[in-house]
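Hi everyone, thanks for making time. Have a look at the sequence and the model, and then we'll talk about rings.

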Amino acid sequence: MIELFIFIALPVFASALCFAVKNLKVQYALSLTVAVFHLTLSVIVFLGVHQAVLPGFFSIDSLSKLFILILSNVYFWVVLVSFSYLKRPAMPKAGEGKRYYFLLLNFYLAANSAAMLSNHFGMYWVASEATTLSVAPLIYFYRNEESLEAMWKYLFLVSIGIAFAFMGILMLTLSAKGTVLEGQQLFFWEFIKNAKELNPIWLKVSFIFIFVGLSTKIGIAPMHSADIDATSNAPGPVAALMSGSLRLTALLGVMRIFQIVRFTSSYDVVRIILITGALLSLFVAFVYMFKANNFQRMLAYSSVEHLGLITLGLGIGGFAFIGAMYHAVYNSMSKVVLFIGSGNIHRAFKTREMSKISSVLNKVPKTGWLFLTAFFAISGIPPFGMFFSEIKIFEGILFSDMPYILAPVMFFLLFIFVNMGRNIFSMLYGKRENGEVHNETEPFDFSHFVSVALLILLTAIAISSPDILYQNILVIAKDFGFAL
Amino acid sequence: MENVLSILFCLSLFYLSVTSRVKAYVTVLRVQGIILTILLVIPFLSHFSVYGIIIPATMLIVKVIYIPRYINKVILDLDIKRRIEPTIQQMVFLALVIATIVIIFFASQLLSKSTPLNVIPFASGFSAIAIGIYIIMFRKKLIVHVCGFLVLENGIFLFGTSVAFELPMLIELGTLLDVFVVVFLMGIALNRISSTFEGFEVAHLGRLKD
């Protein structure tokens, strides 16, 4: 019970307090305290020191253990950096947005935790709709036309997507007609236990509706557009939250239904759907990188790419599934560093257009170097974790029944890397025509500290490869029926 | 009784496809809310319980009273013109709607042979989902898009009753609350859009492109 209080009730309570307290510093201290509690508890639960028993529609299994740890890790660093970001926002008009910033952030944490811990499709639905509601006003932080449009599109398209997911859930109940599950509640484990009895046609339809609906939130092509607009116009820390944890919350819903389908005859069809979606996402990212003009948009497309890789891992199964879970962990951390850097660059140059940005390394050297390192991390250069997780995914593909998929995947990834690299190097090193370059010094602030800490953590996890993480991922793979 | 109400619901969809006034959309939303509330109340006529009346009551408050009133207020505040401004001709739209509904009814009839389901509520709910999407696709005004989204939501609700499935009360209330907040946020966003772009049409939203 106490776990539920810390994971969900405490953030809601903090959110209400943030409404009452107008002082930004107090709000920050409050949110940081909540984040620390949340992180501590999820680490304790993850390490298995404490066996969490949750009541009602909530429970913890190895999958939610891992995802809630990712969520609280990302959230903690984002909150930590938020105050220094709010003190000097990239655009002066953000005054009004600040007032509700921490309130919404706390609400976001509560909604995401509820979605990740839910063991009932209905509860999951309510919570994941709530995450949309919490993040939409945050996208409109800068109060300009672009962010307004992005917020409208995100709110509208994702709400429709989630409505589709709800239809998928209703179809799941249809698939249970005439089985022992008829008239029962929609608990995940009940469905997984009796998966073989479900009507295969309705089950497939249900999966398609849930996958397509949640794709708007995960950012799987061709439903990625609203997500891209939102991520590319949100302030840096919010974009980091979206890329690092919100997409995973939506992916969790897909994984839950996938886990049910895994043990039925519909598995082969569903696999093809997942793989197609994933390859399409990689392709979309590949095409965009050729004409990229806005660097935050480029990073948003990079998220589409990596979520595509994770989905591909799910679809392929086996080793690739293990790789996908590792990839989710590493991607979340690298994305936080990249988006925090992107926020700093936006603040220094007052624009997100890459054609107007040059000599970042001279103007904001610390941010520039960290951004470059984070770019290496996200591209899968060793010793950063992405290298190992991508290798695992490739290995999984190679030894699966569809090894030929590896060719297009490698091709897309190579060109995404080359084009992203070209753009980022021209931002960092490029010199404007007849422009003079001054070497400026940049004070070391919280955002740099967070970036350094995360990069060290990222490398440490990758190199030491903690056994507890590996064991946990193995248990997840076993739950999904992938014996290694 | 359920079938009669579902057919009434379906008729309201036809009305939606021929009317060209924004106000009529709001009225239809209200009527659909009343139909859904009655559908929820029917089971309680035989065995009444105070506990079970909470959801129909919330439904009534959210879908019949609060949301239509809020949309009317937005229309009034922003001085939105009364016409819906379609992107295709009304007659073509009506033909499309009729064709869709006919296909959905036939398909549901076929499906009902393999799975036991209530064909009329099932098909009506599904039609409302399709029409809601059409409204979003073929209308220029953003406020009409919100109405389309709500028609879609109502359709899902009717669809839910047709598969004879009951969510626990807490979750049911949660879904209603979510819809409530979505509409509220959309209203605020519309307010901002009208002051930022000086208009409420999709055409104004074209800044974000690849």
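So, how many aromatic pairs are there over all chains? The count comes to 43, where rings of Phe, Tyr and Trp (its six-membered ring) pair if their centres lie within 6.5 Å, with planes under 30 degrees apart called stacked, over 60 edge-to-face and the rest tilted.

A word on the ground rules. This is a predicted model, so local features need pLDDT of at least 70 and side-chain atom pairs pLDDT 80 or more, while totals for chains, interfaces and linings use all residues. Residues are numbered from 1 along each chain as its sequence is written, chains are lettered from A and ligands numbered from 1 in the order written, and side-chain values use heavy atoms, leaving out hydrogens and water.

Now, one of those pairs: F425(A) and Y429(A) are stacked, because their ring centres are 5.9 Å apart and their planes meet at 15°. F425(A) is partly exposed at 33% relative accessibility, and Y429(A) is partly exposed at 39%. Here buried means under 20% relative accessible area, exposed over 50%, and partly exposed in between, with a 1.4 Å probe and protein chains only.

Over in chain B, Y66(B) and Y70(B) are stacked as well, 5.7 Å centre to centre with 15° between the planes. Both sit in helix 3 (residues 54-78), 4 residues apart, about one turn of the helix; helices are DSSP runs of H or I, at least four residues, numbered from the N terminus. Y66(B) is partly exposed at 21%, whereas Y70(B) is buried at 13%.

Back in chain A, ring pairs join Y28(A), F83(A), Y101(A), F102(A), F141(A) and Y142(A) into a cluster.

Methods: Helix = DSSP H or I, 4+ residues; strand = E, 2+ residues; numbered from the N terminus.
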